Structure formats: structure tokens, C-alpha cells
Amino acid sequence: MAELEFLGICGSLRKASRNMGLLRKAKELMPQGSFLTIADISAIPFYNEDIEKPDSVKRLVELGDRAAGWVFASPEYNYSLAPALKNAIDWLSREPGIKPFFGKPGAVMGAGGGMGTSRSQNHLRQVCVYLNMHLVEKPEFFSNAFSPAFNAEGNLVDATLTKQLTALMQALVDWTMVLQKGKA
């Protein structure tokens, strides 16, 4: 069986983002037989049907089309998901003839304030219902971005959270295998 490729998108564009740190750690923790590619969405303009699709979006479409599944890391902005992440999803969801999300598995995680992105994740899960994605429901992953669990570069350094993130990535791979068997 070929290696499973997952695509990660971070809703924060900051260099030292804790959410990007979660994706970097997830990339290190991927189970055998899988890997995570992290998309750079910083050059993607606001979705607008009137503009020609830029190269940054074309690259994201290519990555999304070949991905077996998705990993989203989003901070919480005003009780909701990050606009950069929503914008990337909007571009992808309007790709004619290609449904980069349709029927694919995904995992959601985040680092934020006191509630650790629980509201953001809830909104993102609602968006994924529309996209007909099959998200991993358990384990959930929430973390406090302002704790010593992250270093100055935004990297996850906490052993307990690393263990939880490992479990989430394993659950994603296991769920992907279940979904792929159902299609066979």
C-alpha cells in the first residue's frame, strides 16, 4: 500500500504561531506509512470570483487533490475560526470538477486562549459538514497557546500534549484506512 499523504493548513500566518508549531510537531509524529505536507497559505488573496486564480491557489488545489486527508490547526478569532484558514477552504471548495474535501478524512486541532480553540473548532467542524468531510471525533485536541507547553518559536515542547497529538495523528491514519476500505 502507498504512503498516505495528508495536507496540513494553519489558520495563523505568524512565523512563531503555536498553531503552526502544532502542525510542525504533527509532521514529526505521523505514524509509519504516512506523512504530512504543510501548505503555505500566506500568499493566497481573499477569495474573489472576479480574479484569475493565482499560482498560490493552483498549488494548494494540487496539494489538496492528491491528499488522502486533512489536518487543520486554527487559532480562535472572535469565537470563530481564523479568516486565513476559512479563505483557503473557500478557494478550494469552489474548484470546478475537483472536490478536494469530498469524502476525505480530517483532523482538527488548535492552540488559543482560555478555552483552547473549542469554539473555533466547533465552527470549523460545521464548515467540514458542508464539505462532506469525515472528521476524527476523538480524541479532541485543544491547547492553551499562552502556556509553557510552547517555546518562543511556537514549537510544542510539552510531553503530555505531544502524547495527545500523537494519538490524534494515529486516529486520523486509522480512520483514513477505514474509509479507504469502505471505498474498495
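Tyr79 is exposed, with a relative accessible area of 53%, where exposed denotes over 50% relative accessible area, buried under 20% and partly exposed the range in between, as computed with a 1.4 Å probe on protein chains only. The structure is a predicted model, in which local features need a pLDDT of at least 70 and side-chain atom pairs count only at pLDDT 80 or more, while totals for chains, interfaces and linings use all residues. Residues are numbered from 1 along each chain as its sequence is written, and side-chain values rest on heavy atoms, with hydrogens and water left out.

Tyr79 is placed in the loop between β4 (76-77) and β5 (80-81); helices (H or I, at least four residues) and strands (E, at least two) are DSSP runs numbered from the N terminus. The phi angle of Tyr79 is near 70°, a positive value in a residue other than glycine. The charged end of Arg119 sits over the Tyr79 ring, 3.6 Å from its centre, a charge being counted as over a ring if NZ of Lys or CZ of Arg is within 6 Å of the ring centre and within 35 degrees of the ring normal.

A search of the whole structure finds four aromatic pairs, defined for rings of Phe, Tyr and Trp (its six-membered ring) whose centres lie within 6.5 Å, with planes under 30 degrees apart counted as stacked, over 60 as edge-to-face and the rest as tilted. Among them is the edge-to-face pair of Tyr47 and Trp91, at 4.9 Å centre to centre and with 75° between the planes. This pair links distant parts of the chain, 44 residues apart, since Tyr47 lies in the loop between β2 (34-38) and α2 (55-66) and Trp91 in helix α3 (residues 83-93). Tyr47 is partly exposed, with a relative accessible area of 26%, whereas Trp91 is buried, with a value of 7%. The rings of Trp70 and Phe72 have centres 5.9 Å apart and planes at 15°, and the pair is therefore stacked. Both of these residues, Trp70 and Phe72, are buried, and together with Phe101 they form one aromatic cluster. Arg94, in turn, lies over the face of Tyr47, at 5.0 Å from the ring centre.

Most residues other than glycine have a negative phi, and most peptide bonds are trans. Asn132, in the loop between α4 (118-130) and β7, has a positive phi near 60° and is partly exposed, with a relative accessible area of 29%. A cis peptide bond, with omega about 0°, joins Lys138 and Pro139, and Pro139 lies in the loop between β7 (134-135) and β8 (142-144).
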